Amino acid sequence: MKVKREELLKILAAVKPGLAKKELVEQATHFIFAGKNIITYNDRICISHPFKTDFSCSVKAEDFYKLLMKMEADEVELVYDKDVLLIKSGKVKSGMAASKDTKVLDLVDLLELDKQKWLPIPEGFTEGIYLCMFSISKDVSQGFLSCLGVQGDMIMSSDDVRISSYKMKSKIKKNFLIPLTSVIELIKFKPIKYSVSDAWVYFKTEDDVCFSSRNVEGEFPDLQEYFKTEGLELKLPKELRSAIDLTMIMAEGEVDLSKKISVSIGPDGIICRGEKETGWVEKEVEFKYKGKKITFFINPQFFGQVLSKSTVMTLGEGKALFESDQFKHIMSLPV
């Protein structure tokens with residue numbers, strides 16, 4: 001069979017997140033041609049992309065993808081013959097070991113993709129997971145904090161220092177938790193439908209691409225009470241982000257999570273200052289303010305991230321709340 005090389009490469013790139021780095025499960029590092037779809041499966045993520053072939057087999061993903069990338073002709077001819085996938089493109093010919101083993105496909109069958117009852121995904125879902133993603137803990141030992149929680153009409157995330165939430169237009173039918181690794185890849189797919197089982201969460205795009213993620217056992221707690229904050233409300237200038245980027249260079253703290261800068265707001269504007277044993281740097285940003293001068297410390301990395309999403313800040317006792325439409329974010333302030 002002959003296929004457009006660029007079209008095939010595009011599909012392979014889309015299913016790559018379902019590949020495993022090491023073959024803990026046989027064929028988990030392979031592209032699986034299943035007749036109607038190209039499938040990848042690594043026991044955490046499974047991606048199925050429509051692509052018709054007149055054969056069924058699997059090939060080592062890394063070698064196959066690199067080979068196609070190096071070819072120059074527009075078309076590629078693929079022929080399966082006696083455990084070998086023959087690849088011809090222009091003046092290039094290649095043969096790759098191809099497996100007929102069905103172990104991974106047997107695992108994929110357990111997902112019952114064809115039997116899912118698909119529901120329209122709530123409006124705002126993709127935007128919500130994007131806005132809340134940066135607050136998910138990267139430490140998997142933190143359990144549910146290393147996941148995105150979706151319950152009712154709320155999307156929630158936290159790393160024990162900050163909390164993000166987003167309110168969707170409608171509710172999901174069944175709550176679920178998906179790990180950060182899945183969220184990072186899911187936002188690229190723009191799903192329009194979903195389905196939830198006890199073990200997996202399924203998403204489908206308008207092109208019938210199915211992205212499945214492990215549903216982590218547990219329940220994300222209701223953290224809405226932490227957003228109750230009274231204090232000074234300020235509409236911060238967008239130019240503040242460049243000052244944060246600069247002062248981060250000299251911020252006190254050995255690792256990113258422990259770094260802090262000082263932010264002083266007064267009649268003369270906003271002054272961001274980073275200082276450590278080897279020196280200091282500060283930058284002033286124009287800002288109209290008539291109140292009493294205030295100074296607080298904040299993690300520059302977190303501060304810069306949230307300002308890209310919301311510039312309305314309520315400065316409370318030991319914490320700062322940011323709000324924008326359906327999105328809320330609160331972070332603890334270091335002393």
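Which loop holds Lys260?

## Lys260 and its loop

This is a predicted model. Lys260 sits in the loop that runs between α6 (240–247) and β18 (261–266).

Lys260 is buried, yet it forms no salt bridge. Its nearest side chain of opposite charge is Glu252, at 4.5 Å.

## Contacts of Lys260

Residues up to four places away in sequence are left out here.

## The eight-stranded sheet

Eight strands build an open sheet. Their order is β13-β10-β11-β12-β24-β23-β22-β17, and the pairing is antiparallel. In general, strands of a sheet pair through backbone hydrogen bonds.

β13 (176–179) and β17 (232–235) stand at the edges. Each has a single partner strand, so one side of each has no neighbour in the sheet. From one strand to the next, the twist averages 20 degrees.

## The β10–β13 pair

Strand β10 (residues 147–151) and β13 run antiparallel, joined by four bridges. Cys147 has Pro179 of β13 as its bridge partner.

## Helices on the sheet

Helix α4 (residues 125–133) packs on the sheet. It touches β10, β11 (154–158), β12 (162–167), β13 and β24 (327–332). The direction of α4 makes about 170 degrees with that of β12.

Helix α7 (residues 300–307) packs on the sheet too. It touches β12, β23 (319–324) and β24. The direction of α7 makes about 170 degrees with that of β24.

Note on methods:
Residues numbered from 1 in each chain as written. Predicted model: local features only at pLDDT ≥ 70, side-chain atom pairs only at ≥ 80, totals over all residues. Heavy atoms only, no water. Helix = DSSP H or I, 4+ residues; strand = E, 2+ residues; numbered from the N terminus. Buried < 20%, exposed > 50% of the residue type's maximum accessible area, 1.4 Å probe, protein only. Lys, Arg positive; Asp, Glu negative; His and termini not counted. Salt bridge = Lys/Arg side-chain N within 4 Å of Asp/Glu carboxyl O. Contact = heavy atoms within 4.5 Å. Pairing = 2+ DSSP bridges. Axes fitted to C-alpha atoms, helices over the stretch in contact; angles between N-to-C directions.
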